[in-house]
Amino acid sequence: MAQRASSTSRSSRAQKKSADPAANQASAQVVRDLHERMVRIRLFETEAGKLMEAGKLPGFLHLYVGQEAVAAGVMAALRDDDQITSTHRGHGHAVAKGVSFRHMYAELYGRVTGACLGRGGSMHINDLSLGMLGANGIVGAGVPIAVGAAFAAQYKGEDSVAVTFFGDGATNIGAFHEGANMAAILRLPVLFICENNGYAEFTPQSKHMLITDVADRAAAYGMPSVIVDGMDAAAVHQAAAEAVARARAGEGPMMIEAKTYRFYDHQGVKGLRHPYRSDEEVAEWKTRDPIDLLEARALADGTATRAELDDTWQRTRDEIAEAIAYAEASPLPDTADLLLNVYSG
Ligand SMILES: Cc1ncc(C[n+]2csc(CCOP(=O)(O)OP(=O)(O)O)c2C)c(N)n1
Ligand SMILES: [Mg+2]
């Protein structure tokens with residue numbers, strides 16, 4: 001992995017380099033792990049989309065389909081005690097960190113058996129027992145939370161790391177800049193993962209910032225960064241594993257910018273059909289579907305057979321069907337419990 005700036009460097013300009021694709025050799029075990037995490041996300045999301053279309057889910061649904069390689073690649077590099085913060089587009093991070101389908105679907109349905117007892121919904125899924133500190137409906141708000149988690153780990157002398165996922169648009173928010181500066185100056189064990197899907201809602205990146213690479217922003221804080229192909233799970237995994245190793249060794253934070261794309265609209269399945277991107281552009285990115293890419297490579301180099309890959313899809317479909325049935329059979333929260341778990345400052 002070619003790093004773009006040393007955390008100790010005072011140079012004003014980071015060297016612009018991308019991760020070396022030739023170095024992205026993943027072991028068979030890692031390939032199967034990445035595949036399973038991506039399939040779990042893809043099927044969770046496509047089924048959630050169908051439920052939303054059928055009018056069964058309240059609230060909003062920001063689907064993660066297309067970006068699976070980022071969550072899978074990063075999470076496969078983490079330990080269970082590492083902590084993450086997520087975004088409004090957070091299902092993929094939660095699934096990849098191990099939150100159960102039952103807890104997640106029940107939360108989407110607003111049922112009392114959900115991850116947040118049915119009170120949070122799609123944009124607030126968390127599971128503290130798994131280090132999933134929460135999705136977040138406030139753009140950029142996960143950044144300082146992860147920085148705080150990393151500070152706590154450093155303060156207590158633990159070697160866990162924190163990871164914050166955020167979009168290209170979120171890097172225009174003050175909380176991102178404050179978090180990045182604090183993480184860098186305190187050399188905190190935190191990874192900044194920018195999922196650059198080229199749009200903030202319906203605004204293309206070129207209309208919301210004047211730079212091409214969000215990674216350039218890391219240099220402003222003396223933080224090294226690397227740009228990876230966000231459709232290549234093995235490339236993301238390798239970059240994340242190196243950044244995690246550095247953070248655990250006390251060498252401070254790092255940013256990974258993953259160039260990726262969302263296959264659905266900003267929100268929902270059909271979205272609002274704003275003419276902000278062309279069908280041709282969407283079709284072009286779909287030719288680089290991250291699961292197809294990984295499967296093709298795994299079959300070509302013999303790290304998996306078609307039967308093994310198909311088995312992962314089928315096992316996941318079965319688990320999802322069971323989890324949706326569980327969610328639908330679960331009760332709604334009782335209004336008498338409305339004030340439970342409510343805190344005042
Ligand atoms: C503080 C704040 N401002 C605005 C919004 C409305 N909003 C929701 S998603 C979004 C775009 C975020 O873009 P990006 O960070 O690139 O994430 P993406 O949706 O592309 O995954 C905006 C502006 C919000 N939720 N929070
Ligand atoms: Mg975006």
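Let me begin with a contact between a charge and a ring. In this predicted model, the charged end of Arg102 sits over the ring of Tyr326, at 4.0 Å from the ring centre.

I turn now to contacts between rings. A pair of aromatic rings is described by two values, the distance of the centres and the angle of the planes. The structure holds 11 aromatic pairs. One of them joins Phe176 and Phe192: the ring centres are 6.3 Å apart and the planes stand at 85°, so this pair is edge-to-face. An angle over 60 degrees is what that term requires. Where do Phe176 and Phe192 lie? Phe176 belongs to helix H6, residues 174-185, and Phe192 to strand S3, residues 190-196, so their pairing ties together parts that are 16 residues apart in sequence. Both Phe176 and Phe192 are buried.

The second pair that I wish to show is formed by Tyr261 and Trp285, and it is stacked, with 5.0 Å from centre to centre and 5° between the planes. This pair, too, links distant parts of the chain. Tyr261 is in the loop between strand S7 (254-259) and helix H10 (279-286), while Trp285 is in helix H10 itself, 24 residues apart.

Are these two residues buried or partly exposed? Tyr261 has 2% relative accessibility and therefore counts as buried, since the limit is under 20%. Trp285, at 25% relative accessibility, counts as partly exposed.

Finally, Tyr261 and Trp285 belong to a cluster linked by ring pairs, together with Tyr199, Phe202 and Tyr276.

Methods: Residues numbered from 1 in each chain as written. Chains lettered and ligands numbered in written order. Predicted model: local features only at pLDDT ≥ 70, side-chain atom pairs only at ≥ 80, totals over all residues. Heavy atoms only, no water. Phe/Tyr/Trp six-rings, centres within 6.5 Å; stacked < 30°, edge-to-face > 60°. Helix = DSSP H or I, 4+ residues; strand = E, 2+ residues; numbered from the N terminus. Buried < 20%, exposed > 50% of the residue type's maximum accessible area, 1.4 Å probe, protein only. Lys NZ or Arg CZ within 6 Å of the ring centre and 35° of its normal.
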